[in-house]
Every structure is written in structure tokens, then in C-alpha cells.
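Morning, everyone. I'll talk about a sheet first, then about rings.

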Amino acid sequence: MNILPILSRQFLLLLSIISLCYAQDLKFETLSQDNVLDKQAVLTIAQDKMGKLWFGGGPNLFVYDSQHISNILVQDTVFKKVDYINKIAINAKNHLFIATATQLFIFDIGKRKAVLKQGKPFQEKIVVTDIQFLSDQIFLCTNKGLYQAIPTAGTYNLKKILDRPCVQSIIQTSPTAYIIASYKGIESFSLQNDQISTIRDLMLPPLPLRERIFSTLYLHQNMLWVGTKLHGIFQFNFTDKTWNNINETNSNLLSNNVRKIVPAKNGELLIGSLKGLSIFNGSAQFVNYKHNTSVKNSLSQNSIYDIFIDRQQITWIGTYFGGINAIYPDLIPIQHYSTRSLSGLRLNSDIAGSFAESENAYWIGTEEEGINKIDKRTGATSPLSQLTQSNLIKDLFTKDNKIYAAQYGGGYSIIDAQSGNAQHFYLEKDRLNLKNNIYSIYVDPARRIYLGTNKGLYTVDPGKQPQYNPGLKTATIDDIQADAKQYIYFLSGGSLFRSKPNDSNISAIQQLDTLTVGGFYVHSNGDIWLTSNQYLYQFDQNNHLTKVCYFPNNALGWPIYVNNKVWVTSKDGLICFNPKTKHSYLLNQYDGLPVKNLLGAKIFASKTGTLFVTTLNGAISLDTRKITFNQNIPNVLFRNIFLEETPLNYGRIQKTEDPNSYQLSLRHDENFLTINFSGSNFIKPQKNRYRYKLDGFDKDWIETSNPSIRYTNVPVGIHRLTIFASNNDGIWSSTPLRINIDIQPPFWRTWWAYLMYAGLFALGVHLVIKFVVERKMLINSEREQEKKIKFFTQISHEIRTPLTLITAPLDEIISETANLSTTQNKVKRIKKNANKLLGVINELLDFKKFDDKHFVLKKMDISFREYIEDTFYLLNDLAKASQLLYKAVRFCRLTIHRYNTI
């Protein structure tokens with residue numbers, strides 16, 4: 001029996017297992033939001049022009065904007081006719097191509113509507129297996145052949161350019177050369193001026209027709225890689241025109257069902273298959289990754305359908321029923337040491353407070369379990385609590401490969417870093433004496449030891465007893481540092497003190513009297529970096545204090561200067577400040593820090609520039625030489641608008657010609673707005689920040705981490721909302737999101753309503769003026785009438801008196817002329833006329849009473865005949881004088897009503 005094949009397979013299996021175990025340093029993070037993507041099929045991935053990610057598969061089409069995942073097939077009616085999705089792709093025009101099991105759809109992402117063809121949404125009944133955008137051309141691999149989608153008048157026309165059965169994939173090998181995979185095999189051809197020529201069969205080893213299923217093509221270093229569903233990977237060498245097959249049998253490739261081959265930035269090839277991820281790095285063996293419940297951050301599921309690397313070099317892996325996995329670039333390499341770390345990185349206590357470096361090791365002092373040692377060569381930690389008298393280590397210092405350890409309640413110890421031998425010293429024999437509570441320690445070049453205690457400063461010269469230095473008050477000394485010239489600095493009670501070289505006198509630095517110093521760092525050149533509340537200062541060698549930077553809404557702790565940057569612990573995390581550019585970065589728990597609040601943490605630097613930060617949750621190391629901050633400029637992504645709790649229809653939001661700008665018109669009662677947005681940064685998106693301002697409403701710019709704005713009672717008028725976004729490292733967008741909001745007034749506040757109001761006002765003014773004028777005219781008329789009546793009344797009185805005097809003698813004349821009938825008749829007529837005139841005058845006087853409403857009318861009956869006779873005889877003399885025939889013919893009896901006044 002030949003056991004060589006069996007041994008060979010077992011050896012390959014062993015290599016596979018070894019490579020799998022070795023490879024689990026990659027971290028696969030699942031993307032989920034309330035289980036939106038949990039157990040969902042993600043078969044295809046694309047990224048649009050603004051940076052949003054699209055995940056398609058089956059009955060779902062998800063959109064991810066760094067803050068929110070939404071299934072738009074469910075939420076947006078524009079996509080209601082889309083069925084089972086197999087492939088999506090997005091071109092330079094931001095048009096989304098969706099290939100389903102039966103049809104091809106095209107949508108305009110920017111306009112949020114379907115691309116139209118002949119007035120109807122673009123919809124072609126064709127089975128598309130792959131969509132590629134190559135050299136500004138759109139290629140569709142279909143079951144009917146190779147097609148091109150040709151842009152024409154705002155839509156697309158499909159044109160068959162190569163008749164092949166079931167074209168499955170296409171790649172470009174040169175500006176005019178292409179390779180396709182179909183049921184006919186693997187072929188190359190040239191395409192120039194829309195004409196195909198030089199078709200050549202690459203002579204793939206014979207396969208049954210049903211097994212010619214080619215899922216992916218990739219050209220790597222003059223080698224064509226062909227992924228298949230049943231036969232692993234075929235490699236075609238263009239130099240010697242030979243084929244090579246890699247499969248599960250002859251390699252540690254995870255599966256013969258290869259679905260995607262994608263190049264990584266470092267030159268590796270990522271190979272997605274039915275059974276996991278294989279990575280080709282040039283060696284004979286693949287590095288493999290599979291789902292493993294016992295391994296943290298392993299693949300969520302092995303069946304990989306698509307691999308997509310976005311513009312931020314994040315690798316997105318779509319699985320059949322495990323949703324999305326993401327591999328983020330390791331920009332901030334942080335190593336955490338704590339009681340919960342792996343065995344080689346474990347500390348015996350999490351309360352770390354001090355650090356020191358010797359030739360071969362780093363030393364971490366804890367405040368519970370003494371000292372821990374980190375071997376520089378292996379990186380392994382080891383607890384050494386037996387090296388000190390007290391396990392509460394407050395400070396460490398190294399000199400001549402010796403570790404000086406300041407302890408609370410244990411004096412200080414001197415430890416030989418090589419041999420581990422330790423000497424212990426107390427300032428007082430009584431171990432409970434406050435002098436033995438040492439908070440800080442420093443050793444100068446002359447090996448004089450400076451001890452900052454609860455009772456002030458003590459110095460110990462070699463071979464001598466500790467001496468108290470009265471230069472500082474008997475208060476706790478938090479830290480002691482020195483510069484290259486041996487100016488020694490002491491921090492006590494928020495004040496910074498200094499002593500000159502070889503001088504025991506210590507004095508406060510007057511230029512800092514107004515500051516409460518939170519922490520300081522003495523650079524070897526003599527500059528001092530210090531913090532006070534929210535400010536970072538620089539105190540130079542010329543004793544000049546400069547306010548370097550202000551960090552609002554934060555509180556600063558301890559600074560350090562490493563590799564031309566200032567690192568500062570703070571309430572919000574670890575700050576990296578560049579004094580040259582004035583730009584700062586903030587690291588927090590999302591970057592791997594064990595705690596967010598580092599205000600009480602201390603920071604140290606190794607000789608190689610590695611930072612060590614001691615916290616209440618262990619210690620971290622951070623190699624500043626390997627840090628890469630995210631310099632990608634994000635876009636601001638518009639999501640939606642809610643009116644109170646109701647989403648605003650996208651049809652009311654209009655895209656303008658300006659980049660990333662929209663406008664909408666609202667009624668006066670639609671002034672309760674919620675605007676949702678996000679940034680296109682997917683690296684630690686929890687750290688994305690936003691800055692916005694609504695003109696005419698907000699007085700100042702508002703900065704927040706919440707990608708949602710709510711406005712209430714927005715006044716009528718045109719308002720512009722401007723929003724900027726920053727990525728996780730504080731790089732702000734160059735083009736903001738602008739939304740022009742026009743809130744229309746109610747109909748009673750429109751221009752035509754105001755015009756009507758003006759007309760009504762004018763009419764009212766006119767009526768008022770008319771009333772006032774006419775009333776004044778009436779008053780004046782009445783006054784004139786009164787004057788006239790008064791005049792006539794006065795005249796009547798003047799006439800009545802002499803008329804009365806005339807009628808009085810007439811009675812006497814009538815009696816005296818009783819015998820003279822003719823004369824008597826004339827006198828009687830005179831009297832009657834005088835009485836009649838007197839009656840008229842009396843009526844004029846009565847008219848005044850009538851006008852004043854001081855009288856009433858009384859009816860009286862008189863004889864009409866007598867009235868006519870009196871009138872006739874009164875005019876008789878006048879008629880005769882005028883020689884008129886004047887006589888009475890006949891008088892009938894008639895009654896006349898006469899009204900007299902009472």
C-alpha cells in the first residue's frame with residue numbers, strides 16, 4: 001500500500017491547521033444594527049460617489065452611511081419592482097445597476113429615482129451575472145452574451161458585442177485587450193472603435209459543459225487567476241502559455257468553490273470561497289481564516305460571496321447568511337496590559353501608576369501588587385511584587401540600570417535591573433510615618449536622590465542620611481523632573497517650583513503663579529510643556545510663557561513631547577497635538593484605550609518613542625512611529641428629513657446644481673424639522689463629529705457627535721442649513737451639505753394678502769376721512785342754518801313790534817269810521833293784512849321752536865269759504881289798481897284743517 005498520498009494529505013492538513021491558527025490575527029468585525037444584517041445574505045457590495053456602501057442580496061438592498069443601515073427595498077417605493085438581487089454596481093454618474101434573477105434595473109442615486117427609458121423606469125428582461133466598468137465602458141456579462149450599456153440621452157441602450165453562451169466574467173488586461181469567461185472557456189479579445197477583433201482561446205484544460213462555472217477573474221503579476229465553482233483556481237501563465245490548477249487536494253486552499261479574488265493594498269490576494277477566506281501572499285501556502293466560535297473576531301460565517309475594498313482601505317466581506325464582516329486598517333497599534341489580557345501581556349493589578357525603562361525591560365508600577373516587568377525582547381510580562389516593601393508603587397526612576405521605586409508606606413527601594421537584587425530604605429523607622437509615603441523620586445547625575453513625600457522634599461546623598469529641604473512647604477510633591485542642564489522642577493499643590501544646578505534653594509516660577517498646573521513635562525532642551533485646566537502651555541528657556549492650544553469642554557492632565565508631537569492625557573482621552581500644524585487628534589476607547597477618562601493617568605515615553613500610559617484599567621503601549629492617522633476627507637451624507645414624526649417624501653426634496661446641495665419648500669405649519677445625516681467615514685464612525693448652523697436661526701456654529709438635528713418653530717422665510725462632518729481623527733469635510741429651506745407664510749401673510757390688507761386699509765381710511773369731512777360739513781351746515789334762523793328770528797322780532805304798534809290804532813280808526821263804510825272796509829283790509837303779516841312773523845318765530853323741538857302741532861278746523869273770501873277781499877284793491885276783472889263766482893262749503901302751535 002502506498003502511504004505517500006495519505007501522508008501528503010495529512011501534511012497539507014497540518015499546514016492548513018497551522019496556518020489557520022497563525023492567521024487569526026486579522027480581526028473580523030460584524031456590521032449590525034438591531035440585527036438588521038443578522039443572518040442576511042450579502043452577495044454583492046458597491047460604493048457610491050458620495051461614499052455610502054450598498055449591500056445587495058436576495059430580497060434585500062441595504063445602504064450603510066456610517067451611522068445607519070436601512071433596507072431601501074422595504075422603505076423606498078422606487079425599488080418596489082426589484083426582486084431577487086444577484087449583482088449591483090455603481091458607475092461614475094452615480095447610477096446604480098441592479099441585476100436580479102430575471103431583469104436589469106438602473107437607478108439614479110443622486111436624484112433618488114429610476115433612470116428613465118422612453119418615459120418609463122429602466123427595466124430590461126435579461127439575466128446579468130456580472131457588471132464591470134472598464135475604461136469608461138460598461139460591460140454586462142449575461143446568459144445571452146457580452147453586452148455594453150451605452151449612455152444615450154440620459155438613459156442606456158444595451159448592445160451585444162460578443163455572442164457567447166453564458167458569459168460569466170470579464171477583466172481588462174490592457175487599454176484595448178480583455179479576457180472573458182463563458183461556457184466556451186477562457187478567451188481574450190481586442191476592442192477598438194466598438195469593434196471586436198483578435199479573439200483567441202486560452203485553451204483552458206477541458207471541463208464538462210456543466211462544470212464551466214467561472215465566478216471571478218484577476219490578473220496578478222502576469223498571471224491570470226480564474227476562480228471556479230467546482231475546481232478551485234486555474235492559473236494561466238502568459239509567459240509560457242501554461243495552465244496550473246490549485247484546489248483542495250493539492251494545496252491548503254479552503255474550498256474548490258471560489259467566488260471572489262480581490263487584490264489587497266499590500267500586494268496580497270484575498271480569495272473568498274464557500275469555506276472561508278484564503279490569503280495568497282506569495283508563499284506556497286495560503287493563510288486561511290474561518291468562522292471559529294472560540295476565537296474572538298473571527299468570520300461570522302464561512303460562505304463568502306463578495307469581497308470589496310472601499311476608498312478607506314476597509315475590506316468588506318459579504319457572506320451568505322452571516323451578514324457583513326469588516327477588516328479595518330490597523331492605524332493605531334495599541335497594546336493593552338491588564339489582568340484580563342492574554343497570559344503574555346497580563347499584569348497582576350489593573351491600577352497602574354508609574355513606568356520606568358532599563359536596558360532590557362520596561363517596568364510598570366501598580367498601586368496594588370507592586371512591580372511588573374515587560375521583557376523588551378519577548379514582550380512577555382512577569383509580576384515582581386517581592387521586589388519592594390510595599391505593593392503600592394507611586395513612582396519609578398532608572399539610573400545606571402537600577403530601578404528606584406517610590407512607595408506609599410514603604411519608603412523607597414533600589415533594584416538591580418539585571419540581577420533583581422533589591423535594597424529597601426525608610427526615612428523613618430516608624431513605617432506609618434508620613435515621611436515613608438513617597439510620591440515621587442528622581443536621581444541626579446551625582447546619584448543624589450530626591451524624594452517627594454507627604455511631608456515635603458527630602459534628599460539623600462550617596463552613603464548619607466536623608467536630609468529635609470525646607471525650600472518646599474510640607475505638602476505632597478506629585479512629580480520631580482530635570483532638564484539636561486540639571487534644573488530640577490517640582491510639582492506640588494498645582495504650583496511648579498524650580499531649583500538651579502547644585503543649588504538647594506527652591507523657588508516658585510513666578511511666570512506661572514496665575515496657573516493651576518495639572519501636569520508638566522521637561523524637555524531635554526529646557527522647554528517645559530504644561531497643562532492648566534483646558535489649556536496647553538509652553539514655557540521656554542527664556543522664561544517666556546506661551547498659550548499653545550485651547551481644548552474646549554475638556555480637562556488636561558499630563559503632557560509629554562515625543563517625535564515632534566505633544567501627547568496629553570485628558571478627560572476625553574489621549575490627545576496628540578502637532579505644534580507645527582496646530583492640528584490635534586484625540587484617541588479614546590474606540591481606538592482601543594481601556595478607559596475614556598485619562599485625566600488621572602500618567603504618560604511616559606521609551607527611548608524608541610513608544611508611549612506608555614498608566615491607567616486605572618491597566619497600562620497601554622503605543623508605538624508613535626507606527627501610528628497612521630486617518631487623512632481621508634469625508635463627505636457629508638444626507639439621509640432624510642422628518643416633519644415632527646413623519647418622514648418627508650423624497651419628491652419634495654430637490655437636488656440643486658451646487659455640489660451636495662438640496663432645497664425644499666415647506667408650509668408655515670411644517671416648521672418642526674428633524675434633519676438626519678452622517679459622514680462617509682467608516683473607520684471608528686463613533687468618533688465622527690459634525691458642525692452645523694441654520695442661518696437666521698442659530699447664532700453660532702454648533703458642534704456635536706449626534707448626526708441628527710431638531711428644530712422647532714422655525715420662522716417663515718428662506719434659511720440655509722450648512723453641515724460639515726469630520727472623520728475619526730478630526731479631518732473635516734471640504735464640501736458641506738447645504739439644505740435651503742423655504743418656509744412659506746400662511747395665506748394671511750402672503751404678498752397678495754398684504755396687498756388686500758393695504759387696499760382695505762386705504763378704503764377704511766377713505767371712509768373715515770369721508771365720515772369726518774361730511775360730519776364736519778354737516779356741523780358747519782347746521783351752524784349756518786342756526787345762524788340763518790337766529791337772523792330771521794331777530795328780524796321777525798324787529799318787525800313784529802312795529803307791526804303790533806300798527807294794528808293797535810287800526811281798531812280805533814275802524815270804530816271812528818263806523819259811518820264811513822268805504823273807509824272802514826279799507827281799514828279792515830289793512831288790519832287783516834297786518835294780522836296776516838303778523839301771523840307769518842309768528843310762524844317764523846314758531847319755526848325756531850320747531851327746530852329746537854320745543855313745540856307740538858294742534859289741529860283746528862276753519863271754514864274754507866271764509867278763508868277764500870278773506871283772501872279774495874285782501875287782493876281786491878290790488879286787482880282794481882291793476883285794472884283786473886276780479887270777482888267771486890261761487891263758494892262751496894269746504895273744511896280746511898289748520899294746525900296751530902301750542
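**Sheet and rings**

Start with an open sheet of four antiparallel strands, ordered β13-β14-β15-β16. This is a predicted model, so keep that in mind. At the edges sit β13 (128-134) and β16 (155-162), each pairing on one side only. On average, neighbouring strands here are turned by 30° against each other, direction ignored.

Zoom in on one pairing. Strands β14 (residues 137-142) and β15 (residues 145-152) run antiparallel and are joined by four bridges. Leucine 140 faces tyrosine 147 in β15. A reminder: strands of a sheet pair through backbone hydrogen bonds, either parallel or antiparallel.

Now the rings. How many aromatic pairs are there? The count is 42. Take phenylalanine 236 and phenylalanine 238. Their ring centres are 5.1 Å apart, with 85° between the planes, an edge-to-face pair. Phenylalanine 236 has 1% relative accessibility, so it counts as buried, the cut-off being under 20%.

Next, phenylalanine 551 and phenylalanine 577. Centres are 6.4 Å apart and planes are at 80°, so this pair is edge-to-face as well. The two are 26 residues apart, and the pair links distant parts of the chain. Phenylalanine 551 is in the loop between β52 (545-550) and β53 (556-562), while phenylalanine 577 is in strand β55 (residues 573-577). Both phenylalanine 551 and phenylalanine 577 are buried.

There is also an aromatic cluster: Phe55, Tyr64, Trp316, Tyr328 and Phe682.

Last, charges over rings. Lysine 547 has its charged end over the ring of tyrosine 535, 4.4 Å from the centre. Lysine 602 places its charged end over the ring of tryptophan 558, 4.4 Å from that centre.

Technical notes
Residues numbered from 1 in each chain as written. Predicted model: local features only at pLDDT ≥ 70, side-chain atom pairs only at ≥ 80, totals over all residues. Heavy atoms only, no water. Phe/Tyr/Trp six-rings, centres within 6.5 Å; stacked < 30°, edge-to-face > 60°. Buried < 20%, exposed > 50% of the residue type's maximum accessible area, 1.4 Å probe, protein only. Lys NZ or Arg CZ within 6 Å of the ring centre and 35° of its normal. Pairing = 2+ DSSP bridges. Axes fitted to C-alpha atoms, helices over the stretch in contact; angles between N-to-C directions.
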